[in-house]
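Thanks for making time for this.

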Amino acid sequence: MPIFVAVYTMEPEALIAFRKMPKADQEAIDAEGLSQWEDWEKRNAAFLRSPSVMVGKTTRITRAGIGPGQNTFCGYVLVEAETAEEAARLFADHPHIGIFPGDGVDIMPVVTEPPA
């Protein structure tokens, strides 16, 4: 079955706004969101090739050197599905875009030999 990389995206400004919220509000969102994320992973376990991996700040290397970078990439998960659309439908009720300040999940086919 084809494998897709599902990339969780979040605008940097959305994360900044979330971190400016009162700590109690952040913790309430985290508690609800993480519980629902766990439930989502259980419901979709048959399609998941890896657990979700979240990432932090970006360091970028360019011809000019090494320094801070900025992008909307905040994590990923590998999923199996027949089509990109089928893979995308798995995320329709995902808490990344329903509870957390994430703005989307990009689905891309793996075009090389997938990891074991």
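The largest pocket is lined by 25 residues, and those nearest its centre are Met10, Leu15, Val55, Gly56 and Cys74. By pocket I mean, on a 1 Å grid over the protein atoms alone, an open set of points where a 1.4 Å probe fits, with protein on both sides within 12 Å along at least five of seven lines, and a lining residue has an atom within 4 Å of a point. Its volume is about 640 Å³, taken as the space filled by probe spheres set on the points, with grid points joined across faces, edges and corners. The elements that give two or more residues to this lining are α1 (12-20), α2 and β5 (73-80), and α1 gives the most, with five residues. Helices here are DSSP runs of H or I with at least four residues, strands are runs of E with at least two, and both are numbered from the N terminus.

Before going further, please keep in mind that this is a predicted model, in which local features need pLDDT of at least 70 and side-chain atom pairs count only at pLDDT 80 or more, while totals for chains, interfaces and linings use all residues. Residues are numbered from 1 along each chain as its sequence is written, and side-chain values use heavy atoms, with hydrogens and water left out.

Together with Phe73 and Tyr76, Val55 makes a nonpolar surface patch of about 230 Å². Such a patch takes residues with over 30% relative accessible area and no salt bridge, joining nonpolar side chains (Val, Leu, Ile, Met, Phe, Trp, Tyr) within 5 Å and like charges within 9 Å, and the areas come from the Shrake-Rupley method with a 1.4 Å probe.

Turning to the aromatic residues, how many pairs are there? The count comes to four aromatic pairs, where rings of Phe, Tyr and Trp (its six-membered ring) pair if their centres lie within 6.5 Å, and planes under 30 degrees apart count as stacked, over 60 as edge-to-face and the rest as tilted. Trp40 and Phe91 are a tilted pair, because their ring centres are 4.9 Å apart and their planes stand at 35°. This pair links distant parts of the chain, with Trp40 in helix α2 (residues 23-43) and Phe91 in the loop between α3 (84-89) and α4 (95-98), 51 residues apart. Trp40 is buried at 0% relative accessible area, and Phe91 is buried at 3%.

Glu38 pairs with Lys42, their closest N and O atoms being 3.2 Å apart, and both residues lie in helix α2, four residues apart, about one turn of the helix. Arg43 and Asp93 meet at 2.9 Å, N to O; since Arg43 lies in helix α2 and Asp93 in the loop between α3 and α4, this pair ties together parts that are 50 residues apart in sequence.

Methods:
A salt bridge is a side-chain nitrogen of Lys or Arg within 4 Å of a carboxyl oxygen of Asp or Glu. Buried means under 20% relative accessible area, exposed over 50%, partly exposed in between (1.4 Å probe, protein chains only).
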